[in-house]
Amino acid sequence: MITVEPPATRAERLRWALSDTFVIAGRSYSQLRAQPGQIAAELVAPVIMTVLFGYVFGSAISLPGGGDYRNYLMPGIFMQVMALSAVAAATSVAEDMARGIIDRFRAQPIARGALLAGRSLADLSKDWLSLAMMAVCGLLIAGWRPRGTPLETLAGFALLALFGYAMIWLGTYIGLFVKNGAQADAATFGWLFPMTFLANAFVPLEGLPGWLRAIADWNPMSAVVSAARELFGNPRSAAASWPLQHPVTASLCWSLLIIAVFAPLAVRRYRTAASR
Amino acid sequence: MIHAEGVRKRFGTTEALRGVDLDVPRGSVCGLLGPNGAGKTTMVRVLTTLLRPDGGSARVAGCDVVGDAERLRYRIGLAGQHAAVDELLTGRRNLELFGRLYHLPRRTARRRAEELLERFGLTEAANRPVRTYSGGMRRRLDLAASLIVSPPVLFMDEPTTGLDPRSRLALWDELRALVAEGTTLLLTTQYLDEADHLADRIAVMDAGRVVAAGSPSALKAKVGGDRVSIAFRDAADLAPGVEAVRGVLAGEPEIDAAERRLVVPVSDGAASLVRVAAALDAAGVGVEDLGLRRPTLDEVFLALTDAPAREKEAA
């Protein structure tokens, strides 16, 4: 006969909340180990993008300020990979809902918020792995070279990962509204992917018509890309707007804002979400 | 063990529960029966703290579903309509994971997983990912996952939907064994034979209300008592047959000439059957089939839930 009583003290409650978070993260880790090809499969598309833009479209793009286009491109590709981590987060949480696993978790005495926190941490470590793999691809395929100090390079990746973490929370929130994985994919990829092009990730913004340029200037993705370029010492195009003149500050603000909005929303939604 | 009073829940403009009362004594099985959309699942979700009721009150295992939800979650097991297990992980890893989320120490969680795999005949498949399991195996793993903390109260929402007959019978045996060990069980089902076989008490739900409750036999008695049913061999046997039956039975016979069939309500069951058999034999009437019929739960169900009337109302 196995019986368990709820935590008696505040310290024990906190310890269990942490334990829940790590157990959930451990589950994601086991899932990843069960399909080792998953990360590599998710990186096929960005590698193709690297080749397509680096060597095909890029051959027709010349940077207004001069500089090597492929070195300009890679931070854009990194950002795109981070932005699309929302898709995987939305899909997996929607699948869990559809299968009733979320119901089972919610009928168990799991600390409030621990389930989503655990998942987001696991997704974040997956983002770091993706960044590392894409960096190697960039070095090998595109001749990408970070020219900043090692610390600046690390800071660049940290800023990208923070943006990835923000997108994980955004994706999680969306995933809690849809019926299944396919819908989650449509509800995230469908607008995030085009949005990565409405930014300075692939082309300099100088040639855009004014209204479109204003959108691209204030697109959080542009700030992230500019910040990464600055920290990596890669070529940047001229910055006409505040976010692109202060990209590190701007991208930090954007990412923290997205987390501050969507993490609490997602936790609230999780507590009432019904499986269908 | 489960006590609910006037539980109400509304989704937008739909009233899913319109004041449900439910009382399930310790160690008994309550079958929640009803058509789709009757509110069975909603009721289970309220009782398992997944939904907060808009009105009324409910206690499970001594804990209020709203005020004492956390303590309650340590005392219940829930097996929903889906086999809610992780497809990618192995059966063993699934059970360890759920055990750890009940805050069992790692070693205890491992031992408990082992015990449950053994009990549900999954030891051999323990190290295979769940996606390779059959439907019956998944259900067993799901049930195992809901039993990790030996819950005094177990909720099962349509536990045998989609199972083949053999797996279904095996699951029934499992549930009976759990109840014999003292578990209180609330199960929802659309299968009347399931409720009939497992439940001590049945609550029939329709349109967000409990429209009838009682033991299976009491519910059957409510719809009507026993009946003697006779099928004659030839059309010519019908008239003398009716004559003979009228001679020994007081009830008004219901005659279906096309089917050469006669049904008479009786109060003393088998004794009436013997008298009818003797009278028909004496009259020399050819009989194809003769029997005592009790109302099935299907008839109870249809009589109580009155689906056609409701459809008319909606149209």
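The model is predicted. Chain A averages a pLDDT of 91, and 98% of its residues score at least 70. Chain A has 13 helices and zero strands. Chain B is divided into domain 1 (2-221) and domain 2 (226-293).

**Strand S14 of chain B and its partner**

- Strand S11 (residues 227-232) of chain B is joined to S14(B) by six bridges.
- The two strands run antiparallel.
- One pair can be named: B:Ser229 has B:Gly291 in S14(B) as its bridge partner.

**Domains of chain B**

- Domain 1 of chain B covers 2-221, and domain 2 of chain B covers 226-293.
- The C-alpha centres of these two domains of chain B are 45 Å apart.

**Open sheet in chain B**

- Four strands of chain B make an open sheet.
- Their order is S2-S1-S4-S5, with antiparallel pairing.
- Strand S2 (14-24) and strand S5 (63-64) of chain B are at the edges.
- Each of these edge strands has a single partner strand, so one side of each is left without a neighbour in the sheet.
- Strand S1 (residues 2-11) of chain B and strand S4 (residues 55-60) of chain B are joined by five bridges.
- Within that pairing, B:Ile2 has B:Val60 of S4(B) as its bridge partner.

**Hairpin in chain B**

- Strand S9 (residues 201-206) and strand S10 (residues 209-214) of chain B pair over five bridges, in the antiparallel sense.
- S9(B) and S10(B) form a hairpin, with two residues between them.
- B:Asp206 is opposite B:Arg209 in S10(B).
- In the turn, B:Ala207 has a positive phi of about 50 degrees.

- Strand S6 (residues 76-79) of chain B is covered on both faces.
- On one side B:Ile76 and B:Leu78 are buried; on the other, B:Gly77 and B:Ala79 are buried.
- S6(B) runs parallel to strand S7 (residues 153-157) of chain B, and four bridges join them.
- B:Ile76 has B:Val153 in S7(B) as its bridge partner.
- B:Ser146 is in helix H5 (residues 135-146) of chain B.
- B:Ser146 has 24 other C-beta atoms within 10 Å; the cut-off for burial is 20 or more, so B:Ser146 is buried.
- Leaving out residues up to four places away in sequence, B:Ser146 touches B:Gly77, B:Leu78, B:Ala79 and B:Leu154.
- B:Gly77, B:Leu78 and B:Ala79 are among the buried residues of S6(B).
- B:Ser146 and B:Ala84 are 62 residues apart in sequence, yet 9.7 Å apart in space, C-alpha to C-alpha.

**Chain A: fold and confidence**

- Along the sequence, chain A reads α-α-α-α-α-α-α-α-α-α-α-α-α.
- Its C-alpha atoms fill a box of roughly 70 × 35 × 35 Å along the principal axes.
- A compact globule of 276 residues would have a radius of gyration near 19 Å; chain A has 20 Å, which agrees.
- Of the 276 residues of chain A, 47% count as buried.
- Among contacts in chain A with a separation of 6 or more, 82% come from residues 24 or more positions apart.
- Confidence in chain A is lowest in helix H2 (residues 37-42), at a mean of 86.
- Confidence is highest in helix H8 (residues 150-175) of chain A, at 97.

**A buried residue in chain A**

- A:Thr50 is found in helix H3 (residues 44-56) of chain A.
- A:Thr50 is buried, with 24 other C-beta atoms within 10 Å.
- A:Thr50 touches A:Ile77, A:Cys137, A:Gly138, A:Ile141 and A:Ala142, not counting residues up to four places away in sequence.
- A:Thr50 and A:Gly76 are 26 residues apart in sequence and 9.6 Å apart in space, C-alpha to C-alpha.

**Contact between chains A and B**

- The contact takes in 26 residues of chain A and 29 residues of chain B.
- On the chain A side, helix H1 (10-34) and helix H6 (101-107) each supply at least two residues.
- H1(A) gives the most to that side, with eight residues.
- The chain A side divides into 12 nonpolar, seven polar and seven charged residues.

Conventions: Residues are numbered from 1 along each chain as its sequence is written. Chains are lettered from A and ligands numbered from 1 in the order in which they are written. This is a predicted model: local features need pLDDT of at least 70, side-chain atom pairs count only at pLDDT 80 or more; totals for chains, interfaces and linings use all residues. pLDDT is the predictor's confidence in each residue, from 0 to 100. Two residues are in contact if their C-beta atoms, placed from the backbone, lie within 7 Å. Ala, Val, Leu, Ile, Met, Phe, Trp, Tyr, Cys and Pro count as nonpolar, Asp, Glu, Lys and Arg as charged, and the others, Gly among them, as polar. Domain bounds come from an automatic or database domain assignment. The radius of gyration is taken over C-alpha atoms; the globule rule is 2.2 Å times the number of residues to the power 0.38. A residue is buried if 20 or more other C-beta atoms lie within 10 Å of its own, exposed if 12 or fewer, and partly exposed in between; C-beta atoms are placed from the backbone. Two strands pair if DSSP finds at least two bridges between them.
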